[in-house]
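Reader: I'm new to reading structures. Can you walk me through this one?

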Amino acid sequence: MNYKMVVSMTGLILRLEAALLVLPTVIALIYRESTIVSFLITIGITLGIGIVIKLLCKTDNSIVYAKDGFVIVTLSWLCLSAFGALPFFISGEIPSYVDAFFETVSGFTTTGASILKDVEVLSKSIQFWRSFTHWIGGMGIIVLVMAIFPTSSGRSMHIMRAEMPGPIVGKLVPRVKNTAKILYLIYIALTLMQIVLLTLGDMNLVESIVHSFGTAGTGGFGIMSDSIGSYSAYSQWVIAIFMLIFGINFNLFYLILIGRVKNVLKSEELHAYIGIVVFSIAAICMNVYHMYSGFSEALRHTTFQVSSIMTTTGFATTDFNTWPSFSKAILLVLMFIGGCAGSTAGGLKVSRIVLIIKIIANNIRKVLNPRAVGSVRFEGKMLDETTRRGISNYLSLYFVLFFLMFLVVSLDRFDFETNFSAVAACFNNIGPGFSVVGPTGSFADYSVLSKFTLSAAMLLGRLELYPLLIMFLPTTWRRAKNVV
Amino acid sequence: MKIIVVGCGKIGTHIVAMLTHEGHDVVVVDRDPVVIDSLTNIYDVMGVCGGGADCEILKEAGVDKAELFIAAAGSDELNMLSCFMAKKMGAAHTIARIRNPQYNDKSLNFMRENLGLAMAINPELLAAHEIFNILKLPAAVKLESFSRRHFEMIELKIKDNSPLVGGRIADIRNRFSAEFIICAVHRGCVTHIPDGNFVLQSGDKIAIAAAHLQIQKMLKEMGIIHKEAKNVMILGGSRMAIYLAKMLTSVGNNVKIIEKKESVCEELCEALPKAVIVHGDGASQELLLEEGLHQMDAFVSLTGMDEENILMSIFAMSNKVPKVISKVNSDELAPIAGSLGLDCLASPKKSISDVVIRYARALKNSIGSNIETLYTFMDGSIEAIEFNVKADSKLVGIPICKLNIKKGILIAGILRNRKPKIPTGNDVFIPGDRVIIIAADMHLNGFQDIVGQPIKRDEV
């Protein structure tokens with residue numbers, strides 16, 4: 001373990017968080033809200049600790065191995081959430097620190113699960129910070145660090161890989177720094193585009209910004225109790241389409257930018273993604289047609305809910321709790337599938353689903369013709385044994401963890417549907433589940449143990465299991481002995 | 001600058017390591033996914049898995065935008081083919097590794113022209129050349145020459161009985177009549193650019209720059225016996241051995257090559273009519289003694305195994321062979337060999353790095369290539385660069401002492417009208433000069449980089 005590097009990186013993250021907190025402080029200043037004090041205190045604390053770390057911890061050895069990368073990412077996210085929760089707690093808008101922590105983790109992991117029963121009573125700056133955490137967590141704080149700060153080590157790919165979602169993480173251009181920059185520029189450009197489009201509708205500037213942050217990070221924190229339900233059809237369509245866009249692999253946007261549209265159209269993951277979305281919309285639309293006043297309304301609500309759940313955003317325009325079970329079942333399946341790899345969405349990722357189906361098909365073929373030499377191809381490339389095994393492993397681990405957490409959460413007094421969907425919604429970074437934790441409900445009544453379990457579930461889901469898990473292995477913390 | 005490296009074996013990996021260290025955007029192409037995986041993990045590069053002569057793969061690597069394309073795979077033919085394709089697909093400059101002696105004669109120029117190669121690199125030939133230089137001046141650990149041998153730089157190890165031990169740099173200059181300059185001192189793991197008050201110790205490795213004739217004079221004054229190695233024993237009949245033996249026999253030295261494989265021995269016989277080829281296991285000490293190890297002036301171990309080279313070199317040293325050189329390719333083993341007392345190591349991949357860095361820097365330099373030669377000393381921590389001073393350079397006509405020269409830079413020599421000169425503070429640069437600069441931990445792209453702030457004319 002390269003402790004010094006881990007600590008100094010955490011210090012850097014804290015200083016960056018202090019800088020990011022300036023934005024909600026400005027909002028508080030504009031609206032002349034008293035929450036400004038809590039933001040200033042938090043900036044003081046994070047900056048103070050960050051500077052102390054910078055002064056005390058001099059890194060002489062910047063070599064980072066895969067293990068250190070995992071630890072750096074996990075610790076960064078934990079610190080980010082722990083300190084990011086302070087404004088909620090200090091301002092007293094969320095009186096319990098556990099609740100504030102849950103809310104912040106939910107924000108940074110772009111889950112959108114809330115312990116608040118009424119969002120509308122929150123002050124504007126707190127609402128803004130809540131949504132801003134989505135935007136930061138969407139593309140990832142480490143990617144932001146890579147894009148801004150010079151990295152001396154060539155091994156920074158280990159850190160980036162621990163944060164980027166998907167089974168195979170590649171680079172767009174040779175340098176990590178430039179790759180991170182390109183990703184963030186695409187991210188910013190798309191967000192700005194959405195903000196502009198939303199201001200053309202019935203939202204004011206701050207509302208458009210807040211909702212764009214929620215959409216871009218595929219988070220789902222809104223500022224209304226009924227999420228997006230009370231906005232115009234235009235705004236709902238814009239958000240629905242942008243949710244789908246943010247669920248697509250960002251590498252594809254880069255390919256479009258450099259003019260390789262052909263490669264984009266050939267992307268298997270994109271085909272599967274669009275196929276699943278279209279199929280779900282059609283199926284649910286037929287199923288819920290009778291509940292709405294016309295085809296266009298039914299189509300709008302279905303499209304919105306499907307894209308919201310599929311991309312693990314968690315906005316809602318209607319209470320899908322009241323939908324028939326078939327529609328709810330489809331939504332539950334979509335919760336697990338999630339968006340594309342390399343997007344801001346959570347879940348298992350479409351590429352993993354496509355791959356696992358191919359691997360299963362290949363194995364079944366092997367049963368029929370035991371001597372056949374089968375190959376699994378994805379995006380035109382042969383899949384090696386390591387990747388294949390990695391995906392099967394990931395899937396097994398995913399379900400083991402899912403049921404373990406489900407057991408813990410079931411200690412609470414809620415019904416089966418609530419508990420199951422609560423874990424699924426947190427683990428896949430969606431937000432709302434069904435029944436009590438549905439789009440109009442909240443996670444407020446869960447016990448402290450469950451809240452911690454669900455917070456862990458959100459982090460596990462966002463960082464894709466391994467980084468958080470290796471924190472519990474004693475070997476991770478073994479100090480290198482003869483360090484020169 | 002965008003650079004593509006095809007084929008990442010020992011040489012390729014080393015080139016990638018250097019180029020990323022220099023700050024270039026590197027894309028690596030290799031057939032083996034494991035190699036690509038480990039390279040992208042260690043260095044900040046993008047990996048593409050596939051063959052180097054595959055159109056699709058080259059396109060994916062972005063060959064049309066590449067400014068430099070280096071093919072360093074194991075096969076010469078593949079390298080030539082992929083360089084040819086890269087050139088046709090839009091790569092600005094191509095470098096191929098061509099190491100088979102069969103291609104490295106008159107046909108090389110023909111191929112280079114017709115394939116559009118900017119350069120053909122042959123690591124084994126370069127390394128053999130380095131060894132050859134050292135054998136001519138066995139007192140040195142390393143010897144490089146600038147400006148067609150008018151100026152040379154040598155690396156020496158200070159022995160216990162040397163007159164330099166305990167001397168201050170400023171005093172040493174007065175004590176000897178030969179004109180030379182001590183550019184760098186390597187002690188422990190640190191390399192210093194010494195000032196006048198620096199005191200030398202026994203065991204230091206020093207780099208000295210001087211004119212060709214002055215070096216001989218200096219060594220004589222220092223009491224270092226300068227005797228060319230006449231009888232050389234080479235272990236292992238590798239490509240490097242062939243190149244080296246050819247050079248040595250052509251100047252009339254006696255060469256004895258010991259090779260294990262009979263078929264290789266026969267090939268050696270054919271290629272090197274003047275050398276004595278012995279068929280036998282070089283790892284057998286008995287055989288070496290029988291073949292007259294005691295009478296040899298130098299022992300060069302060039303087998304494919306680093307470990308064998310190190311062990312047999314130690315054996316030769318214990319038998320009082322005056323000069324022992326061994327080929328050590330692995331970065332891990334080199335310091336171990338050094339700690340065992342082997343100060344003179346040769347490695348094809350190290351020799352190639354200077355050439356590639358020089359080429360890449362010259363390309364990067366927008367003003368145009370004014371780097372003439374570039375060598376690295378002291379395990380790469382010190383660079384010696386020869387610049388050509390152009391007429392439009394801002395540094396022309398200002399006394400050196402008035403230039404705001406950066407820390408860690410030393411002007412070791414000026415060549416004016418083919419006359420070498422060790423500069424003093426009052427000297428000025430004039431166009432047409434060749435200047436030799438020593439730089440520590442810095443990447444100089446052009447001559448103007450040696451000064452910190454741009455100089456204003458009116459200040460002078």
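Author: Let's start with a term: two strands pair if DSSP finds at least two bridges between them. Strands themselves are DSSP runs of E with at least two residues, helices are runs of H or I with at least four, and both are numbered from the N terminus. In chain B, strand E1 (residues 2-6) is joined by five bridges to strand E2 (residues 25-30), and the two run parallel. Note that this is a predicted model: local features need pLDDT of at least 70, side-chain atom pairs count only at pLDDT 80 or more, and totals for chains, interfaces and linings use all residues. Residues are numbered from 1 along each chain as its sequence is written, while chains are lettered from A and ligands numbered from 1 in the order in which they are written.

Reader: OK. Which residue of E2(B) stands opposite Val5(B)?

Author: Val28(B) does. Val5(B) also has a bridge partner in E4(B), namely Ile70(B).

Reader: How many bridges link E1(B) and E4(B)?

Author: Four, and the pairing is parallel.

Reader: What do E1(B), H1(B) and E2(B) make?

Author: They make a right-handed β-α-β unit. Right-handed has a set meaning: with the strands pointing away from the viewer, the path from the first strand over the helix to the second runs clockwise.

Reader: Why is E1(B) called largely enclosed?

Author: Because four of its five residues are buried, E1(B) is largely enclosed by the rest of the structure. Buried means that 20 or more other C-beta atoms lie within 10 Å of the residue's own; 12 or fewer is exposed, in between is partly exposed, and C-beta atoms are placed from the backbone.

Reader: Switching to domains. Which ones does chain B have?

Author: Domain 1 (2-121), domain 2 (127-221), domain 3 (231-321) and domain 4 (356-459). Such bounds come from an automatic or database domain assignment.

Reader: How many residues of domain 1 touch domain 4 in chain B?

Author: Twelve residues of domain 1 are in contact with six of domain 4. Contact means that the C-beta atoms, placed from the backbone, lie within 7 Å. H1(B) gives the most to the domain 1 side, with three residues. That side has eight nonpolar, two polar and two charged residues. Here Ala, Val, Leu, Ile, Met, Phe, Trp, Tyr, Cys and Pro count as nonpolar, Asp, Glu, Lys and Arg as charged, and the others, Gly among them, as polar.

Reader: And how far apart are the C-alpha centres of those two domains?

Author: In chain B, the centres of domain 1 and domain 4 lie 30 Å apart.

Reader: What about chain A meeting chain B?

Author: Eleven residues of chain A are in contact with twelve of chain B. The chain A side divides into four nonpolar, three polar and four charged residues.

Reader: How many helices and strands does chain A have?

Author: Chain A has 22 helices and two strands. Chain B has 14 helices and 22 strands.

Reader: What spans do the C-alpha atoms cover?

Author: Along the principal axes, chain A spans about 70 × 65 × 50 Å. Chain B fills a box of roughly 70 × 60 × 40 Å.

Terms used: Contact = placed C-beta atoms within 7 Å.
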